[in-house]
Each structure stands twice: as structure tokens, then as C-alpha cells.
Amino acid sequence: MSKTWRPATQLVHGGTLRSQYSETSEAIYLTQGFVYDSAEAAEARFKGETEGYIYARYGSPTNDMFEKRMCAMEGAEEARATASGMAAVAAAILCQVKAGDHIVAARALFGSCRWVVETLAPKYGIECTLVDGRHLENWEKAIRPNTKVFFLESPTNPTLEVVDIAGVAKLANQVGAKVVVDNVFATPIFQKPLELGAHIVVYSATKHIDGQGRSLGGVILSDTEWVNEHLQDYYRHTGPAMSPFTAWTLLKGLETLPLRVKQQTENAGKIADFLAEQKQVAKVIYPGRKDHPQADIVASQMKGGSTLVAIELKGGKEAAFALQNALEIVKISNNLGDAKSLITHPATTTHKNLTDEARAELGISPGTVRLSAGIEDTDDLIEDFAQALSKIKA
Ligand SMILES: Cc1ncc(COP(=O)(O)O)c(C=O)c1O
């Protein structure tokens, strides 16, 4: 693996380990364990005196390839692959806190992520303050002497708010806290949180990294020191490891990630521009548009727009449901990042567990729908929206 390769090359070749058969495609090592040449060799492996695999819950060759390829892409020293995005989020946060510690998190989080910091962590004596993450002063005001972790996603699900990652990292460094960024919406193609000063990056690889609706997966990326000090034992002994078969599908996903994200972003941008002009639409939020409320931060930390668009319909829930039901190519699904265009109504699906007030704080109204643009032909998608909107009263 060459450090000088550009991302598209890393995503095809990075981390490849070839067996004695010199296969073209990465091999799937579906094994739980590994055998040793002698009892002495087993002892040395367990003592850490020799390199090699011990047990698939700790690490295995196909997972290793996926982890190394992700490290090359992200500029991280270490990665650990997990069975889902939520396993990655929970492990990245919980492995580094103890009773009496404090977490500051942006309130605009994916529902399960918010449950981890708002509901689960306090059960173990870890306090959490949720802030409006768009404004740096809110992060600063929330800091306490026992603050250990800052957690955010940017852009957020579903209303595509952005958080100034470099600004939050600067605050965290002043108090010795670690910044964990859920980079799912930005994708590794458009945003590099570690370069912006974050300490830990997590992904739901279920989304763009697989991108073809096949596998659940996640990954945690950081530096060797943090992984050795916090994550290594947590990961080995609580068992969130990814299946090697999943790691293989994700390796295939990484090969085409830039091509898919490029086409999805182009589609999302063109659909956003089209929808912004339609009489049934009250508002379109899209990080690639000049009218995004935080267009300056988008420009400073993201290399591209997004594959997602938040759309607010004038006709509230009735119009949101009518639009979804009338679309023919775009499918109704709460997943995102897929090659297929998907649409969801956050208030009744992904964010249904929040109170009305909490949803309103996040800008999720009864008329909000979230589009995840796929890789289909742009004109077909625009025509699909045009025919669906024509069935909705303005
Ligand atoms: C922003 C974000 N983080 C984390 C997750 C969790 O990922 P997974 O479903 O792979 O557990 C999701 C899933 O929708 C998400 O949108």
C-alpha cells in the first residue's frame, strides 16, 4: 500500500492482503479461530511477542483489509470494524468514559445515537448535556470539569444542520476532551474529521460504504494511542466485531464509493434545485446550495454537497405522505446512502420517539421528508418528483 495514492486508488487497492493463491478479489476468511505451529507459538502470540491473529472476535484477515482500507481513506492509524453503525457509536463513546464523567453532544443526532448518550449513558452514572450544536458558544457553555467526550454528527439527520468540527475540536483540546464525529452523512469522500482536529470518527458502513442494501456494518477510526488505551480491551471483550463476510461486501462497496457518491450528489443537487422552485414545497435544505443556513461552514469543511436533501412540504403530513405514495422510482425506506433513491418521513419513522418539541427544535415538521438520492438517471428522478408533486394540492 502506498501512502501517496489518491483516494480512488486507495479504495480499490488499499489494505489488500493476498493469499498464496494470488486471487484478484479479496478472499473471505470465514474462520472463528487460527491454529498455531506449537504450544510455544500459541503462548508467544497471546503474550503479544509475535504478530498474527488469535480469534475472530479480536480481528481476522478480511476485516483487517477493510480496516486498513478505511484507515488509508480516512488518514487514521487504526480502525476496528463493527457489526453495525450503532455498535461503532456505542463502543466509541462508552469505551472511554466511566461513572462521574460528562459528555456534551449535539441534540441533532440520529435517534439511536441520541438514545445512547441521553438515556443509556446516564444509567451508568455518565452525565450528558445536549446542545444546539450549530453554535460554538453552546459547546463552550456546556463544558464541565468532568467533560470527557464531545459527540456530533455533521451534516445531521435529517435536517442537514452542520457543526463547525474544527471549532469544537479546539474547545475540546482546551479541556482535554475527545471529539467523536459520526461522519455518515458527509461520507469519507466529502469530509475528513481527523484532518479538522476530531479524535475519533465513526461510520455506519451500512450506508454509503456498502451502498447497495446488503450488509449492516460500522467502523471506528482513530490513532493507535487512543485505540490501545480505550478501545482495544472494550472491543475484544464485549464482542461488537464485524462478520468477515460483511467485511468482504464492504471492501467491494469501497471500490465504487467515489463513483456512487459523485452520482448521488449530482442527483441530490439537481433534485434540490428542482424542488426549491415547486409551489408545493416550502423549503429545501441542501448543503450544496448557497441558501443553506450555514453555507460558510459547509464550504470550509466539506468537499462536496450531500447525497441527502431535506424537503419541507407546505401541505404538512398529508402532503408528505401523498408525495411518498405517488413516487414510482423513489422508494419509501428509512435507510440512506443506497444506490436506489429512498425517501422517508422522519416525524413518523426515524425520529418518531422524540417529543413534538424536540422535533420542532431540530426543524423536523410534519411536512418534512428526507430524500437519499440514488444513482439512477437524474432526469428520471426529476420526472418522478414532477409527476408525484402534480398529485399534491399546493
Ligand atoms: C447518522 C447515523 N449514525 C448511525 C446510524 C446507525 O447505523 P446502523 O444502522 O448501521 O447501526 C445511522 C443509521 O441510520 C445513522 O443515520
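**Reading pockets, a ligand site and backbone angles**

Trainee: How many residues line the second largest pocket, and which of them lie nearest its centre?

Mentor: The second largest pocket has a lining of 23 residues, and those nearest its centre are Met86, Phe110, Asn157, Ser204 and Lys207. A pocket is an open set of points on a 1 Å grid over the protein atoms alone, where a 1.4 Å probe fits, with protein on both sides within 12 Å along at least five of seven lines, and lining residues have an atom within 4 Å of a point. Helix H4 (85-94), strand S6 (200-204) and helix H9 (206-210) are the elements that each give two or more residues to this lining, where elements are DSSP runs (helices H or I, at least four residues; strands E, at least two) numbered from the N terminus.

This is a predicted model, in which local features need pLDDT of at least 70 and side-chain atom pairs count only at pLDDT 80 or more, whereas totals for chains, interfaces and linings use all residues. Residues are numbered from 1 along each chain as its sequence is written, and side-chain values use heavy atoms, with hydrogens and water left out.

Trainee: Which domains contribute to the lining of the second largest pocket?

Mentor: Domain 1 (7-253) and domain 2 (257-389) each supply at least three residues to the lining of the second largest pocket, with domain bounds taken from an automatic or database assignment.

Trainee: Which residues come nearest the ligand?

Mentor: There are 14 residues around the ligand (a heavy atom within 4 Å), and Gly85, Met86, Asp182, Ser204 and Thr206 come nearest. Met86 and Ser204 are also among the residues nearest the centre of the second largest pocket.

Trainee: What lines the largest pocket?

Mentor: The lining of the largest pocket consists of 34 residues, with Glu51, Asp64, Lys68, Glu78 and Arg80 nearest its centre. Helix H3 (61-74) is one of the elements that give two or more residues to this lining, and with five residues H3 gives the most.

Trainee: Which peptide bonds are cis, and where do their prolines sit?

Mentor: Here we turn to the backbone. The bond from Ser154 to Pro155 is cis, with omega near -5°, and the bond from Asn157 to Pro158 is cis as well, with omega near 5°. Pro155 lies in the loop between strand S4 (147-153) and helix H7 (165-175), and Pro158 also lies in the loop between S4 and H7.
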